[in-house]
Amino acid sequence: MTPALQESKTFLIIAPVLIFVLALCSSCQQNDESSKLNSTNNTKNDNQAVLIMPPNAAYTGAYVDFGEGESNVTFDAITGFEKMTGKHLAVIAMGNFWGDQAFPTKSIKIIAGYGAIPLIFWSPWDKPYKEGTKPDRFNLPNILAGKWDIYIDQWADAARNYGKPLLVTWGLEMNGTWFPWSGYYYGGGKVVGKKDGSQLYAGPEMVKKTYRYVVDRVRARKADNILWGFHVNNFAAPRHSWNKMVNYYPGTNYVDWLGLSVYGKMLKNDGWPSFDNVMKEPYKEICQVDTQKPIILAEWGIGEFPPDDKAEFITEAFTHLPTKYQRIRAAIYWHERWENKDGSYSNLRVNSSPEALKAYQDGVAAPYWIDRPQFEPVSKAK
């Protein structure tokens, strides 16, 4: 999430009276059988490792303000966050945008050297990475036409050569309007057919097709160490039936885990929600998308806006995640601060106030939050 995102998402964190009730079945019970996260591609080397998703627990994680492009990973930033919060990180998120035309080998080696698993937001996005812009040279038809095959292949080869497990999301938050790969820009809710009695919509169908194309091409290069995430925003924008999460789902064979972005107040004029206000209904919806896959809270956070109580929001999150949202296997806090166009600041950092930092320290200290990734050899996990 870059600093422009708060303007695009302002209306998404309004008071709960505006949150519509989704007609969903109850399918959010914890599935202990998904305790080992294998790539759905079965051509693995026995020397590779399997990332274990621990039952009845979840991994700690954070994005630690890695600067413009979200990719300037430094060991000092990571260890500084650990020292401040009092707990090691099991998952560290970073951006990797197509405009850079490079696999982030140096950054992921820093993360691995620290002892965490990298979570890469691999986004088909061109410089200057400004949200709210229309599709650029990495537009979805160009990808499907093969214009970026060489880059995809080179990226896949580098990922394969790295060899260790990687969490990767491609085209995240496609159910919004702030990114140029969003379904909104590719026909949106235009009906293009029917399948199994349900309507198919132009925007979601284009995104799904491109997601599958990219994953198939990467797998063809034997980059079997990648664990693919289907990563959506908690509330769709626009909030129409065509833009529901399930319409974008590329299928169980293309997804290893489900990802969700959940933010509280980020702008001074926003309403103040509780954690459950922004988590409860989206969690039900994503559970219904696939009843088996583990779920990662791939981004979460909230700004500091006194007299609203940021510490209370953080405490509620750490209290309710283990009890109400039991399919969550990792939570990645978005530790960043930025200046808005009006001169105000959105300070999501955990240390934005002594109270917020204390709430985060107390919450993450619980044994429920696992501070290092756990692995097994593939041969043992079979």
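The entries below follow what I looked up in this predicted model.

**Entry 1, ring pairs.** I began with the aromatic rings. A pair of rings is described by the distance of the centres and the angle of the planes. My count came to 32 aromatic pairs. I then looked up tryptophan 170 and tyrosine 211: the ring centres are 6.3 Å apart and the planes stand at 75°, so I noted the pair as edge-to-face. Where do the two residues lie? Tryptophan 170 is in strand S6 (residues 166–170) and tyrosine 211 is in helix H6 (residues 202–220), so the pair ties together parts 41 residues apart in sequence. I checked burial as well. Tryptophan 170 has 2% relative accessibility and counts as buried. Tyrosine 211, with a relative accessible area of 3%, is also buried.

Next I took tyrosine 333 and tyrosine 360, which form an edge-to-face pair with 5.6 Å from centre to centre and 70° between the planes. Tyrosine 333 belongs to strand S12 (residues 328–334) and tyrosine 360 to helix H9 (residues 354–364); the pair links distant parts of the chain, 27 residues apart. Buried means under 20% relative accessible area. At 0%, tyrosine 333 is therefore buried. Tyrosine 360 has 2% and is therefore buried too.

Tyr333 and Tyr360 belong to a cluster linked by ring pairs, and its members include Phe81, Phe275, Tyr283, Trp300, Phe313 and Trp369.

I looked up arginine 337 and found its charged end over the ring of tyrosine 345, 4.1 Å from the ring centre.

I noted a cis bond between alanine 237 and proline 238, with omega about 0°. Proline 238 sits in the loop between strand S9 (226–233) and strand S10 (257–263). I also noted a cis bond from proline 306 to proline 307, where omega is near 10°. The loop between strand S11 (295–301) and helix H8 (310–324) holds proline 307.

Asparagine 56 is not a glycine, yet I found its phi positive, near 60°. It lies in the loop between strand S2 (49–52) and strand S3 (58–63). Is asparagine 56 buried or exposed? With a relative accessible area of 52%, asparagine 56 is exposed. Glutamate 173, also not a glycine, has a positive phi of about 50°. I placed glutamate 173 in the loop between S6 and strand S7 (191–195). At 0% relative accessibility, glutamate 173 counts as buried.

Definitions and conventions
Residues numbered from 1 in each chain as written. Predicted model: local features only at pLDDT ≥ 70, side-chain atom pairs only at ≥ 80, totals over all residues. Heavy atoms only, no water. Phe/Tyr/Trp six-rings, centres within 6.5 Å; stacked < 30°, edge-to-face > 60°. Helix = DSSP H or I, 4+ residues; strand = E, 2+ residues; numbered from the N terminus. Buried < 20%, exposed > 50% of the residue type's maximum accessible area, 1.4 Å probe, protein only. Lys NZ or Arg CZ within 6 Å of the ring centre and 35° of its normal.
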